[in-house]
Structure formats: structure tokens, C-alpha cells
Amino acid sequence: MLFTSYEFVAFICLAFLLYYLVPKKAQWALLLLASYGFYAFSGLSNLIFIVSTTLVTWGVGLWVSKIRRASESYLAIHKEDLTKEEKKAYKAKEKKKSFSVLCLGLAVGFGILAVIKYTGFALSNVNSILGTFGVEQKLSIPDFILPLGISFYIFQSMGYLIDVYRGRAEAEKNIAKFALFVSFFPQLIQGPISRHSDLAPQLYGEHSFNGSAFFSGLQRMAWGYFKKLVIADRILVGMKTILGDTAEYRGAWALLLILAYSVEIYADFTGGIDITIGIAECFGIKLKENFNHPFTSKSTKEYWNRWHITMGSWFTDYIFYPLSVCRPMQSISKKSRKLFGNAIGKRIPVYIATIVTWFLTGLWHGAAWNFIVWGLLNCLVILVSQELEPLYQKFRKAFPRLSSSKPYGAFMAARTFLLMGFIRSLDCYRDVPTTFSMWLSVFTVGNYGELFSGKMAEVGFDAANVIIIVLATATVCLVNALLVKKGCDLRQSLADKPFLSYSLFALVIVAIIIFGAYGAGYDASDFIYGQF
Amino acid sequence: MKKKIIAAVCAVLLAAVLLFATHLLVMPKYIENPEGRLVGEYYSQAGDNDVLFLGDCEVYESFVPAVLWEKYGISSYVRGSSQQLIWQSYYLLEEMMEKETPKAVVFNVYAMKYGEPQNEAYNRMTLDGMKWSSSKVGAINASMTEDESLVDYVFPILRFHSRISQLTADDFKYFLGAPEVSDSGYLMQTAVRPMTTTRTGDDLFDYNLPSVSFEYLDKMRELCEKKGAELILIKAPTNHWKFWWYDEWDKQISDYADESGLDYINFIPLCEEIGIDWSQDTYDEGMHLNVSGAEKLTDYFGKMLSEKYAVPDRRGESELSSAWQTRVDKYYERKNTEK
């Protein structure tokens with residue numbers, strides 16, 4: 001069930017109605033029912049994966065928690081009887097036990113993801129390698145259909161397990177409640193990836209209907225639909241033509257695609273997250289923000305602190321940090337310091353952790369080399385920027401007025417936007433050599449005049465379409481500029497101006513209905529991040 | 001709170017006005033293809049017709065109600081539309097029977113060959129013109145192709161909003177509606193394009209007419225019986241391989257008519273008797289009749305209606321006569337203009 005389908009609109013209206021009609025104690029149960037209903041629409045067989053993930057994570061979470069509690073109570077009882085060394089040894093033993101159970105849970109959870117998402121990729125690579133050695137017999141590649149949102153709910157579940165292991169989250173005893181945490185339908189398609197300690201108390205809590213909060217949620221949803229349907233899906237029409245013929249659409253067209261895709265994925269992903277957060281708000285649940293004006297970023301590192309924030313923090317908390325401080329890494333650190341000296345040696349573990357994290361980030365986005373190269377290129381830019389930081393500092397010191405001026409800031413933001421746009425096109429062309437060839441063509445094929453010819457209309461960017469896209473994008477930019485300037489939620493500042501806020505809401509709805517790219521004549525398109 | 005309620009009402013009104021205006025702007029005006037306006041034109045003339053014609057283009061280009069009135073005093077209406085499918089004919093009849101008590105219902109059987117929904121564009125030409133009723137809902141549900149949705153019919157702007165980037169001067173000119181294109185449902189064609197080929201229809205894999213067509217024909221028959229109207233099955237004259245009427249189909253209709261006690265008139269073998277000259281009376285090489293052919297056929301059939309089916313001559317009713325005279329005048333005015 002697409003967020004942009006009539007079925008979903010009817011589904012969500014019914015869910016809102018029932019949510020505030022049932023006794024408050026049963027609200028979470030209704031959400032669970034709605035979530036499973038929503039999920040069942042994507043295919044009943046997909047329920048197998050979400051149910052197994054839920055069961056395993058719930059069981060392992062309880063097991064880990066039980067070991068920790070038993071250990072704590074044992075230590076409390078034997079506080080006086082044990083020596084410091086005995087306590088330390090006992091703690092280490094219990095931690096090892098708990099860690100083994102955690103690993104079991106992680107292995108099952110990530111195992112499901114690995115089998116479903118990466119088996120085909122792994123086997124096709126094995127086939128390629130066998131081919132280079134002249135082995136003609138190929139391994140047959142299973143054709144798994146990726147269950148809806150599997151990357152998101154598995155990451156959220158595994159994050160919960162690690163949090164329980166670390167003592168940062170309480171293990172949920174009620175399996176039905178835990179099932180809701182894993183399957184909460186608004187965030188099932190494309191996140192945000194929530195933490196149990198943030199989300200669970202809200203999911204299980206009782207919520208009274210609050211007209212203002214509900215309207216605020218509706219506003220956020222409408223804004224998301226505006227971005228998705230008026231901008232993203234309208235751009236998609238032309239993008240599909242350009243991507244469909246890479247021999248014809250090179251040079252200027254590749255640059256147009258890179259720029260258009262940047263806007264398209266922004267409108268698609270942030271639009272989807274707006275809808276998600278808006279729906280949750282209507283249920284009285286506040287989800288974490290996933291974006292913070294990413295295109296104002298002046299560096300790649302800053303960009304990644306502003307784009308898909310919950311995914312970035314997941315990788316940082318559960319991959320990068322543990323990897324940086326794990327024992328093997330400490331031993332590498334020691335050895336590298338000995339070998340290369342302190343200055344270089346201390347960088348090596350950080351580099352390794354960064355590279356592994358970005359490799360996995362790429363792989364999480366998709367089981368294909370383009371995603372891996374995408375991740376590694378992001379990593380490369382971040383590491384190079386890090387190495388060049390002393391030079392930047394010197395520059396800022398030498399030209400303090402210039403480096404703090406607005407035009408320079410704009411230049412930095414534009415540079416980051418372009419750089420990210422080029423790298424991002426890897427997940428658009430979905431093929432590394434093609435993408436590189438397209439990048440090259442931007443600088444070598446001098447066909448920029450074609451962008452001002454009738455060919456634009458042939459591609460799908462006819463004048464009317466372009467005007468709608470430009471005006472809608474300008475509206476989003478204007479709202480974003482107001483948000484940045486005011487530093488607060490625009491909806492809150494409009495809350496005491498009902499005429500203005502209701503009229504603006506009505507205008508957004510009208511704009512979606514009139515200018516949205518939906519229905520016959522347009523291919524219904526899923527949210528891009530739903531594919532990851 | 002009061003302020004919020006007023007603000008909400010104003011916002012809803014603002015949205016409604018904007019959406020309604022856009023709806024009027026983006027709805028297809030069917031200027032190039034006036035067939036799309038036929039179904040909706042019925043309502044200005046509903047209520048007092050003794051003969052109702054139903055069917056596809058073979059009906060609305062073959063029977064001239066103005067001639068039926070002028071020559072036989074028969075008050076009639078042609079509720080035809082492009083590729084009108086039999087379930088659409090049934091629901092249109094059901095809708096008309098709410099207000100009409102006709103003596104005869106004439107149904108052209110060519111659409112019996114279709115057993116399933118065909119094409120959204122044609123559906124729209126028939127269904128968008130209907131006023132909302134249970135019959136319209138039934139017609140929509142029976143007609144929708146896989147990609148269509150009832151919501152899009154309830155709110156056509158959801159379907160036609162994409163036209164916002166393809167608007168033409170006509171969309172603004174006919175914002176509030178286009179002038180009537182038909183004469184009591186008859187769509188006049190004045191051009192002459194003689195038949196040039198003697199090719200017959202291609203062989204078919206299966207000559208059986210779909211069972212669903214007969215189910216709807218049963219429903220039409222039952223409805224007519226209930227309302228005391230005579231259902232007459234006809235096959236309008238055509239003479240083109242693309243619109244071929246196979247003997248196998250003809251036999252199935254004849255058998256059905258015999259079993260059901262209905263009359264079935266196939267006009268194709270009667271063309272010579274009617275006086276149709278395929279070098280003069282067609283505007284598209286024998287696929288459809290032009291106005292000259294339609295007048296000949298109407299005259300022929302009018303006599304049958306009058307004599308065999310005893311449809312009354314109502315020229316003596318002053319009010320009706322006056323209304324029909326206006327329509328007849330309009331018909332001849334159009335005929336003279338389009339010549």
C-alpha cells in the first residue's frame with residue numbers, strides 16, 4: 001500500500017478515527033493491528049520475516065536482560081563475600097555470556113537480512129570470479145523479493161538488542177508491545193530508525209485527542225505529500241527518460257540528471273519522512289527528525305550530520321564507536337603507532353573504522369557495487385577533508401573576513417551540493433562504469449545547447465512541467481529559509497493565526513491535487529528509500 | 001474556538017472554490033471529439049420520449065429524432081455514445097426509465113461482441129456525462145478497466161489534473177460548458193466518403209458472443225417488460241471490414257430474440273430496400289452513415305415504428321409539438337451550416 005494511494009488515505013483516516021475511539025489502554029493494540037494490516041498489504045509471505053525478527057529479538061532481549069539482572073542480583077547478594085578480583089572475574093564471565101547471547105540475536109537478525117538482501121549479490125560475484133578462472137558452471141541465483149522495510153526494522157531491532165545489552169534499554173516483556181515497536185507502520189517504509197527508549201514509551205502510552213496537535217500532524221503530512229507528489233514524482237518523469245538511454249543522454253543531460261536527482265531524492269525522502277512524522281504526530285507520537293536542512297551543509301561531514309540523521313547515528317553508535325574501541329582495533333592502534341609513529345599511527349584505527357562503517361552504509365543501501373562505491377567515495381571525501389583541515393584552518397586564518405562571509409558560505413554549500421550530487425548519481429545510474437562515464441561526459445561532451453531546445457519537452461521536462469517544478473521547489477526553499485531563520489517550527493508560529501494556517505493548509509492540499517504527479521498518466525512511484 | 005471554526009470553514013470554502021474552478025478548467029471539453037458530450041446532453045430533453053435508442057456510434061450516427069418527429073410525430077431520443085458497452089446501455093436505460101415511460105426501446109447489438117471493459121477514454125465519454133445516481137455507480141463499477149478507480153469518477157479532477165499542463169484555448173473558452181453538439185442525441189456527419197473496398201471481416205478465433213452480454217440483454221429485457229416498453233434489437237447498417245457483422249453473431253442474436261419473444265431487425269441486408277447508396281450515404285467508407293444515409297434509415301424505421309409498433313403520432317400535442325419544432329428547426333439549421 002503506497003503512502004500516495006487512495007487505499008492508504010482511506011486506511012489512515014480509519015486508523016485515526018478508531019485510535020481515538022477505542023479505550024486509551026487499547027490504543028497501542030490498535031496501532032499494532034493497523035501496522036500488521038498495513039504490512040500484510042505488501043504480501044502475506046512478508047509477515048514471516050517481520051514476525052521471526054520480532055520473536056527472535058524479543059526472546060534474545062529478555063535473555064540478555066535476564067543474564068544481566070541475575071548477575072546484578074548475585075553481586076548484590078555476595079557484595080561482602082567476594083574479593084574485588086572475584087567480582088571482576090564474575091562480571092567478565094557474565095558479560096561474555098551475555099555477549100554470546102547478543103551475538104546469537106545479531107547473527108539471526110542480520111542473517112535474515114543477509115540471506116534475503118545479499119545472497120544474490122554474493123553469488124553473482126562468486127560466479128564472476130569463477131568465470132575469470134574459466135569455470136563455466138554457474139551457481140544459480142535465488143530470486144528473493146525484498147520484504148517491505150526489512151533494512152529499517154532489522155536495524156531498529158538490532159539497535160534495541162545492543163541497547164539492552166549495554167543497559168540503555170529495558171527489555172520489553174510483552175511480546176505484542178514489542179511487535180508494535182518493530183512494526184509501527186508509519187516508519188516501516190523508510191524510517192526514521194528509532195531507539196526503543198525514545199519510541200516505546202510513546203507507543204505504549206495513552207493519548208487524548210488534541211485538535212491542535214492533530215492539525216499540526218496533518219499539516220506536516222500535507223507538506224510531505226506536496227514535496228513527494230508535486231516535486232519528486234514530477235521530476236521522476238523526465239529522469240526516467242534520461243536514465244533509459246544513457247547513450248543518447250550524456251554530457252549536459254547527465255549534469256541535468258545529477259541536479260534533478262538531488263532535488264528529487266530530497267523531495268522524495270524528506271517528503272516521505274514528513275508524512276511519517278506527521279502521521280505519528282496525529283497519533284500523539286513524536287518521532288526523531290531525520291533531516292536538518294542538508295543542502296545548507298558546507299562540508300560532506302556536515303551533510304551527513306544533516307541527512308538521514310537516524311541512520312547516520314545508528315552506524316556511528318553501533319558500528320563506528322564499538323569498532324574504534326574494540327580490542328583488535330586497540331592492538332592495531334598500538335602496532336601502527338610503533339610502526340608509523342604517533343601522528344600517522346593514531347589515524348589508522350579511525351581510518352579503518354570509518355572505511356568499514358561507510359562500506360556497510362553503502363551495502364545497507366543496496367546489494368550492488370554502485371552502493372559500495374557510493375559509500376566508499378563518501379568516506380574518501382570525508383577522510384581527505386579531514387586531512388586537509390589544517391590547510392583550511394590556515395586559509396581561514398589568512399582570510400578571516402572572506403571565510404566568514406555569506407558568499408563564501410554559499411560557495412561552500414554549492415560545492416558540497418554538487419559533490420554530493422555527483423556521488424549520489426551512483427545510486428541513480430546503478431552501474432559504476434556507466435556513472436563514471438557520465439561524470440566524464442559532463443566535462444567532455446559540449447551539448448549544453450540541447451537543454452534549451454525542444455528536446456527538454458521530449459524528455460518530459462516541458463515548459464509547464466519545469467515551471468511547476470521550479471515554483472514548487474522555490475516554495476520549499478522559501479519555507480526552509482524561514483525555518484532556518486526563525487529556528488523554530490513554522491507550524492507553531494502559525495498556530496495562533498488560524499485564518500492564515502488553515503488557508504495555507506487548504507492551498508497546499510489544492511496544490512497537491514492540481515499539480516501532483518499521481519494517477520493515470522503517471523507511474524505510481526514508491527518512495528526511493530523504501531527500496532533500501 | 002469560534003474563530004477557529006470560522007477559519008476552518010473559510011479554508012474549506014477556499015479549497016472548494018479553487019478545486020471546482022480547476023475541475024471546470026481541466027475537464028475534457030470534447031471539442032475535437034464531440035461524441036464525449038452526447039450522454040450529458042440528454043438531460044435537457046428527458047421525460048417525454050416514446051422511443052429511446054441505445055448503443056454505440058452506429059446509433060447516434062444512424063437515427064435522426066428530428067426526422068422521426070417531422071415525418072411520424074414520434075418523440076424520441078438517441079442515448080448513444082462511442083463504444084457504448086452493453087452494461088453501459090443497460091445502466092443508461094435504467095437511469096432513463098426513472099423519468100421516461102417509452103413505448104419502445106431500440107438497442108443496437110454491435111456492442112454485444114465486448115465481454116469486458118475496454119478503454120478508459122471511451123468509458124469516460126459515456127460515464128462522465130451521466131448525472132449521479134445508483135445507475136451511474138453501477139455503470140462505473142461494471143465498466144472500469146484495471147487501472148481505473150471509482151474515486152477518480154467521483155472526483156474527476158483526480159484523473160484530469162494532469163491536463164493542467166496541456167490546456168488549450170478551448171478549455172478557457174468553454175470553461176462553463178460547450179454548446180450542444182447533437183440533435184436529440186443524433187450526431188450529424190455531412191461529409192461524403194464513399195466505400196472503396198469490398199474486403200470482408202477477418203476470420204475470428206471464436207465467434208461466440210460473450211455470455212455476460214446476454215446477461216445484460218436479459219436485464220434490459222426484464223427492465224423493459226417491467227416498464228411496459230417493447231425492446232427492439234437492431235443492427236444498424238455498416239459495410240466495412242472493420243465493423244463487420246458476422247453471420248455467426250447474427251444467428252446468436254436471432255436465436256436469442258426468438259427465444260425471448262423479441263424482434264430483431266438486421267438493417268444490413270435491408271440497405272437496398274432502405275435506399276442506402278454506399279457511394280453517397282457514408283462519411284467514412286462504409287463504417288457509418290452520413291446525414292443523407294441516416295435520414296433514409298430513420299424514415300424507413302419510423303414507418304415501422306409507427307405501423308408495426310404503433311408508436312403514436314403526437315404532433316397534435318401543442319406543447320410537445322412546439323418544443324419539437326424548435327428542435328427540428330435547429331436540426332435543419334445545423335444541416336445547412338455544416339453542408
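Helices (H or I, at least four residues) and strands (E, at least two) are DSSP runs, numbered from the N terminus. This is a predicted model, in which local features need pLDDT of at least 70 and side-chain atom pairs count only at pLDDT 80 or more, while totals for chains, interfaces and linings use all residues. Residues are numbered from 1 along each chain as its sequence is written, chains are lettered from A and ligands numbered from 1 in the order in which they are written, and side-chain values use heavy atoms, with hydrogens and water left out.

**Surface patch**

Helix α8(B) gives the most to a nonpolar patch, with three residues. The patch consists of B:Trp132, B:Val137, B:Leu150, B:Val151, B:Val154 and B:Phe155. Together they have about 470 Å² of accessible area. Patches are made of residues with over 30% relative accessible area and no salt bridge; like charges are joined within 9 Å, nonpolar side chains (Val, Leu, Ile, Met, Phe, Trp, Tyr) within 5 Å. Areas come from the Shrake-Rupley method with a 1.4 Å probe, and for residues only the protein chains shown count as cover. B:Val137 sits in helix α7 (residues 134-143) of chain B.

**Pocket and cavity**

On a 1 Å grid over the protein atoms alone, a cavity is a set of points where a 1.4 Å probe fits but cannot get out; a pocket is an open set with protein on both sides within 12 Å along at least five of seven lines; lining residues have an atom within 4 Å of a point. A volume is the space filled by probe spheres set on the points, which are joined across faces, edges and corners.

The second largest pocket holds about 1,000 Å³. Its lining has 35 residues, and A:Val9, A:Ile509, A:Ile512, A:Ile513 and B:Leu158 are the closest to its centre. Both chains contribute elements that give two or more residues, among them α23 (498-515) of chain A and α9 (157-160) of chain B. The largest share, seven residues, comes from α1(A). By class, 32 lining residues are nonpolar, three are polar and none is charged. Here Ala, Val, Leu, Ile, Met, Phe, Trp, Tyr, Cys and Pro count as nonpolar, Asp, Glu, Lys and Arg as charged, and the others, Gly among them, as polar.

There are two cavities of 30 Å³ or more. Helix α5 (residues 150-166) of chain A gives the largest share of its lining, three residues. That lining has six nonpolar, three polar and no charged residues.

**Salt bridges**

A salt bridge is a side-chain nitrogen of Lys or Arg within 4 Å of a carboxyl oxygen of Asp or Glu. Some examples follow.

| Pair | N to O distance |
|---|---|
| A:Arg69 and A:Glu170 | 2.6 Å |
| A:Lys228 and A:Asp233 | 3.1 Å |
| B:Lys103 and B:Asp50 | 3.8 Å |

A:Arg69 lies in helix α3 (residues 47-77) of chain A and A:Glu170 in the loop between α5 and α6 (175-183) of chain A, so the pair ties together parts 101 residues apart in sequence. A:Lys228 and A:Asp233 are both buried (under 20% relative accessible area; exposed is over 50%, partly exposed in between; 1.4 Å probe, protein chains only). B:Lys103 is partly exposed, at 40% relative accessible area. B:Asp50 is buried, at 4%. B:Asp48, B:Asp50, B:Lys103, B:Arg314 and B:Glu317 are linked in a network of salt bridges.
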